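I opened this model to look up a few things about its side chains and strands. My notes follow in the order I worked.

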Amino acid sequence: QVQFVESGGGLVQPGGSLRLSCEVSGNTVNIYRTVGWYRQAPGKQRELVATVSSGGNRNYADSVKGRFTISRDNVKNTASLEMNNLKPEDTAVYYCNIDVGGYGIYYWGKGTRVTVSS
């Protein structure tokens with residue numbers, strides 16, 4: 001089993017920045033698989049935001065391209081999401097997980113809440 005602890009969320013004004021962190025524990029062999037960041041806005045389904053493969057290949061949802069940057073550290077078993085030029089529509093609870101085909105495959109952590117508001 002794999003566990004995820006997300007942190008770094010908060011309240012930020014539009015145009016601001018945040019850096020989210022994800023600590024992965026448990027069967028850390030899985031850290032060599034693709035890691036994804038996801039988000040769930042109020043009243044909406046959870047959606048994939050970005051992924052990074054073990055080799056460093058990155059993919060982003062169209063809505064965050066050019067604003068968000070995903071990264072990972074396979075030694076520390078962590079993943080990060082740098083978010084810039086935040087918009088109110090980025091407001092959501094953000095989660096990380098091991099990604100297969102666009103879906104997280106392990107139990108979800110508690111996530112970290114991001115609120116973008118003036």
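**Entry 1: Met 83.** I started with Met 83 and its contacts beyond four places in sequence. Met 83 touches Gly 16, Ser 17, Leu 18, Leu 20, Arg 67, Phe 68, Tyr 94 and Val 114. I note that this is a predicted model.

**Entry 2: the core.** Next I looked up the largest nonpolar core, which has 27 residues. Met 83 is among those with the most contacts inside this core, along with Phe 4, Trp 37, Phe 68, Leu 81 and Tyr 94. I then asked which elements give two or more residues to the core. They are β1 (2–7), β3, β4 (35–40), β5 (47–52), β7 (68–73), β8, β9 (92–100) and β11 (112–116).

**Entry 3: a sheet.** I followed the strands next. Four of them form an open sheet in the order β1-β3-β8-β7, with antiparallel pairing. Which strands stand at the edges? They are β1 and β7; each has a single partner strand, so one side of each is left without a neighbour in the sheet. I looked at one pairing in detail: β7 and β8 pair in the antiparallel sense over six bridges. Asp 73 has Thr 78 in β8 as its bridge partner.

**Entry 4: salt bridges.** I searched for salt bridges and the structure holds five. I wrote down several of them.

- Glu 82 and Arg 19 meet through their side chains, at 2.9 Å from N to O. This pair links distant parts of the chain: Glu 82 sits in strand β8 (residues 78–83) and Arg 19 in strand β3 (residues 18–26), 63 residues apart. Glu 82 is partly exposed at 24% relative accessibility. Arg 19 is also partly exposed, at 45%.
- Asp 62 and Lys 65 form a salt bridge at 3.2 Å, N to O. Asp 62 counts as exposed, with 65% relative accessibility.
- Glu 47 forms a salt bridge with Arg 39, and their closest N and O atoms are 2.7 Å apart. Is Arg 39 buried or exposed? Arg 39 counts as buried, at 6% relative accessibility. Salt bridges that share partners join Arg 39, Glu 47, Arg 67 and Asp 90 into one network. Glu 47 is partly exposed, with a relative accessible area of 36%.

**Entry 5: aromatic pairs.** I searched the whole structure and found two aromatic pairs. Tyr 38 and Trp 108 are edge-to-face, 5.0 Å centre to centre, with 85 degrees between the planes. I placed Tyr 38 in strand β4 and Trp 108 in the loop between β10 (103–104) and β11, 70 residues apart. Tyr 38 is buried at 2% relative accessibility, whereas Trp 108 is partly exposed at 30%. Tyr 95 and Trp 108 are edge-to-face too, at 5.8 Å centre to centre and 70 degrees between the planes. Tyr 95 lies in strand β9, 13 residues from Trp 108. Tyr 95 is buried, at 10% relative accessibility. I recorded Tyr 38, Tyr 95 and Trp 108 as one aromatic cluster.

**Entry 6: Ser 53.** Last, I asked where Ser 53 is placed. Ser 53 is in the loop between β5 and β6 (58–60). Its relative accessible area is 16%; Ser 53 counts as buried because buried means under 20%. Leaving aside neighbours within four places in sequence, Ser 53 is in contact with Thr 34 and Arg 72.

Methods: Residues numbered from 1 in each chain as written. Predicted model: local features only at pLDDT ≥ 70, side-chain atom pairs only at ≥ 80, totals over all residues. Heavy atoms only, no water. Salt bridge = Lys/Arg side-chain N within 4 Å of Asp/Glu carboxyl O. Helix = DSSP H or I, 4+ residues; strand = E, 2+ residues; numbered from the N terminus. Buried < 20%, exposed > 50% of the residue type's maximum accessible area, 1.4 Å probe, protein only. Core = buried A, V, L, I, M, F, W, Y, C linked by side-chain atoms within 4.5 Å. Contact = heavy atoms within 4.5 Å. Pairing = 2+ DSSP bridges. Phe/Tyr/Trp six-rings, centres within 6.5 Å; stacked < 30°, edge-to-face > 60°.
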